[in-house]
Amino acid sequence: MMEESQSAAPKRRSAVSVPLTAADIGEFVNATGPHVTRALRELEHQGVLKREGRSTIRIVDRNRFDRLAGL
């Protein structure tokens with residue numbers, strides 16, 4: 001949803017601004033902030049995404065990201 005709201009065209013973006021804390025994301029997905037942080041760290045370790053600063057996530061492997069997200 002964050003990705004779609006940041007683009008006028010329906011194309012997928014590689015970088016998505018995420019102006020939420022880990023706790024905010026956790027509340028949305030019914031997880032704790034530390035769980036979200038660990039999950040993001042693991043996805044980064046696996047080469048799926050890269051965190052850039054505090055509020056931007058770059059999707060490195062779009063196909064794998066989509067599969068993990070069930071898309």
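Author: pLDDT is the predictor's confidence in each residue, on a scale from 0 to 100. The structure is a predicted model, in which local features need pLDDT of at least 70 and side-chain atom pairs count only at pLDDT 80 or more, while totals for chains, interfaces and linings use all residues. Residues are numbered from 1 along each chain as its sequence is written, and side-chain values use heavy atoms, with hydrogens and water left out.

Reader: What is the mean pLDDT of the chain?

Author: Of the residues of the chain, 82% reach a pLDDT of 70 or more. The mean pLDDT of the chain is 82.

Reader: Which element of the chain has the highest mean pLDDT?

Author: Where pLDDT is low, the predicted coordinates should not be read in detail. Among the elements, helix α1 (residues 2–5) has the lowest mean pLDDT, 56. The highest, 93, belongs to α3.

Reader: In what order do the elements of the chain run from the N terminus on?

Author: Helices (H or I, at least four residues) and strands (E, at least two) are DSSP runs, numbered from the N terminus. The chain has four helices and three strands. From the N terminus on, their order is α-β-α-α-β-β-α.

Reader: What share of the residues of the chain counts as buried?

Author: A residue is buried under 20% relative accessible area, exposed over 50%, and partly exposed in between, with a 1.4 Å probe and protein chains only. The chain has 71 residues, and the share of them that counts as buried is 21%.

Reader: What is the accessible surface of the chain?

Author: Accessible areas come from the Shrake-Rupley method with a 1.4 Å probe, and for residues only the protein chains shown count as cover. Carbon and sulfur atoms hold 55% of the accessible surface of the chain. The total comes to about 5,200 Å².

Reader: How many Å does helix α3 reach from its first C-alpha to its last?

Author: Helix α3 covers residues 33–45, which makes 13 residues. The expected span of a helix is 1.5 Å times one less than its number of residues. For α3 the expected value is 18 Å, and the span from first C-alpha to last is close to it, at 18 Å.

Reader: Why do the buried residues of α3 line one face of the helix?

Author: The buried residues in α3 are Gly33, Val36 and Leu40. The arc considered is that of the directions from the helix axis to the C-beta atoms. Seen down the axis of α3, the buried residues line one face because they fall within an arc of 60 degrees.

Reader: Which residues does Val36 touch, not counting residues up to four places away in sequence?

Author: Val36 lies in helix α3 and counts as buried at 9% relative accessibility. What covers the buried residues of α3 includes α2 (22–29), β2 (49–52) and β3 (56–59). With contact meaning heavy atoms within 4.5 Å, and with residues up to four places away in sequence not counted, Val36 touches Ala22, Ile25, Gly26 and Ala31.

Reader: How many Å apart in space are Ile57 and Glu44, C-alpha to C-alpha?

Author: Ile57 is in strand β3 and is buried, with a relative accessibility of 16%. Beyond four places away in sequence, the residues that Ile57 touches include Leu40, Leu49 and Arg51. Ile57 and Glu44 are 13 residues apart in sequence, and their C-alpha separation in space is 9.7 Å.

Reader: Which residue forms a salt bridge with Glu52?

Author: A salt bridge is a side-chain nitrogen of Lys or Arg within 4 Å of a carboxyl oxygen of Asp or Glu. A search of the whole structure finds three of them. Glu52 is partly exposed, with a relative accessible area of 29%. At 2.8 Å between the closest N and O atoms, its salt bridge is with Arg58.

Reader: What is the N to O distance in the salt bridge of Arg62 and Asp66?

Author: Arg62 and Asp66 both lie in helix α4 (residues 62–68), four residues apart, about one turn of the helix. Arg62 counts as buried at 18% relative accessibility, and Asp66 is buried at 16%. Their side chains meet with an N to O distance of 3.2 Å.

Reader: Is Asn30 buried or exposed?

Author: Asn30 is placed in the loop between α2 and α3. Its phi is near 60 degrees, a positive value in a residue other than glycine. With a relative accessible area of 76%, Asn30 is exposed.
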